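The points pass from the chain as a whole to a helix pair and then to individual residues.

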Amino acid sequence: MTNIPSVDLADFLSEDPKRKQKFVNEIGTAYEEIGFVALKNHFLDEKLVSSLYTEVKSFFDLPEDTKKKYEREDIGGQRGYVSFGKEHAKGQKKGDLKEFWHFGQEPDEDAQLTEEYPENIKVDELDHFNEVGMKAYKMLEKTGIYVLRALALHIGIKENYFDYWASNGNSILRPIHYPPITEEPQGAVRAGAHGDINLITLLMGASTGGLQVQRKDGEWIDAIPNEDELVINVGDMLERHTNNKLRSTIHRVVNPPKDQWDQPRYSIPFFMHPRSEMKLDCLEECISEENPKQYEDITAGEFLHQRLVEIGLIKPEK
């Protein structure tokens, strides 16, 4: 395998049972083997994608002092701006060569949440930044729900099993800016090798290059989707919940060749998290004599807190 498999959401949404099953089989097999797919026919239209990139670039072009007034360390950077080099991969000390923004959930009035999410931070300098960001957030959430439905069928549980947990979940949309590299990085990369924390990640912007995925044999391959495709991968929560049936694959964003150091890179991942009280206990359908239970019971909220400490966004309690 030299690239990630491509799947078509239109197959799953069709009324043809054979096409729907074809999608379930393809994405299920891909997530057991490599943990990544490229997905076409999602719910983001070209106009919305273009508007989002315009707004995101406008934000990162703002003066440093302006951006820093939107930085909220008291909530572990879960909303607003996170400045350059602050986050690092688990187990790494070098900060990643990136800055980013976080949009969070704006739940439905009837969501019946047991927790209160931090409010999104409004950017005063850009009239449409928050509105466009949240439109994209909702379309990515909608796409993710259908992917999780296909995975539920692949696992052998009810198709809508994830609907309640992922709808109004603690998901994050993260526009990232990797600035031009101006000097030898001294061992730092744009994003160090890591697995994602959440259920699944839906990524815009991977077509600009740099994203690499580690195969089972340890080799790194470039993940190169078509421009109209999202890259979608399994996160650690889903790997844990399926007792390693579905793979959360290590991936990274490597620095470009030196002659391209002057070019910035933008990517926009949507980290799909469930409600914090969701139990990530290994599903019975994924436990067998050949694959006994691999993990202790834990909730999504507890797991998220652990990992935010490990990657440097929350300071450990003394």
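1. Buried residues are those under 20% relative accessible area, exposed ones are over 50%, and partly exposed ones lie in between (1.4 Å probe, protein chains only). By this criterion, 52% of the 318 residues in the protein chain are buried. The model is predicted: local features need pLDDT of at least 70, side-chain atom pairs count only at pLDDT 80 or more, and totals for chains, interfaces and linings use all residues. Residues are numbered from 1 along each chain as its sequence is written, and side-chain values use heavy atoms, with hydrogens and water left out.

2. The protein chain holds eight helices and 13 strands; helices (H or I, at least four residues) and strands (E, at least two) are DSSP runs numbered from the N terminus. The protein chain exposes about 15,300 Å², of which carbon and sulfur atoms supply 46%; the areas come from the Shrake-Rupley method with a 1.4 Å probe. Contact here means heavy atoms within 4.5 Å. Of the contacts in the protein chain between residues at least 6 apart in sequence, 78% join residues at least 24 apart.

3. Helix α2 (residues 17-33) packs against α5 at an angle of about 85°, and their axes are 9 Å apart. This makes α2 roughly perpendicular to α5, a label given to angles of 65 to 115 degrees. Axes are lines fitted to C-alpha atoms, for helices over the stretch in contact, and angles run from 0 to 180 degrees between N-to-C directions.

4. On the α2 side, the residues that meet α5 include Phe23, Val24, Ile27 and Tyr31; among their partners in α5 are Val147, Leu151 and His154. The residues of this contact of α2 with α5 divide into eight nonpolar, three polar and two charged. Ala, Val, Leu, Ile, Met, Phe, Trp, Tyr, Cys and Pro count as nonpolar, Asp, Glu, Lys and Arg as charged, and the others, Gly among them, as polar.

5. Lys135 also belongs to helix α5 (residues 129-155) and is partly exposed, with a relative accessible area of 47%. Lys135 and Leu44 are 91 residues apart in sequence, and their C-alpha atoms are 9.2 Å apart in space.

6. Most residues other than glycine have a negative phi. Asn41 has a positive phi of about 60° although it is not a glycine, and Asn168 has a positive phi of about 65°. Asn41 is placed in the loop between β2 (36-40) and α3 (46-60) and is partly exposed at 43% relative accessibility. Asn168 lies in the loop between α6 (163-166) and β5 (172-173) and is buried, with a relative accessible area of 7%.

7. Asn233, in strand β11 (residues 230-234), is buried at 3% relative accessibility. The side chain of Asn233 makes a polar contact of 3.1 Å with the side chain of Asp196; a polar contact is a pair of N or O atoms within 3.5 Å, where within protein one must be able to donate a hydrogen and the other to accept it, and residues adjacent in sequence count only if both atoms are side-chain atoms. Leaving aside neighbours within four places in sequence, Asn233 is in contact with residues including Tyr31, Phe36, Leu199 and His251.

8. Asn198 is placed in the loop between β7 (191-194) and β8 (200-204) and is buried, with a relative accessible area of 1%. Beyond neighbours within four places in sequence, the contacts of Asn198 include Gly235, Met237, Phe271 and His273.

Notes: Parallel < 35°, antiparallel > 145°, perpendicular 65-115°, else oblique.
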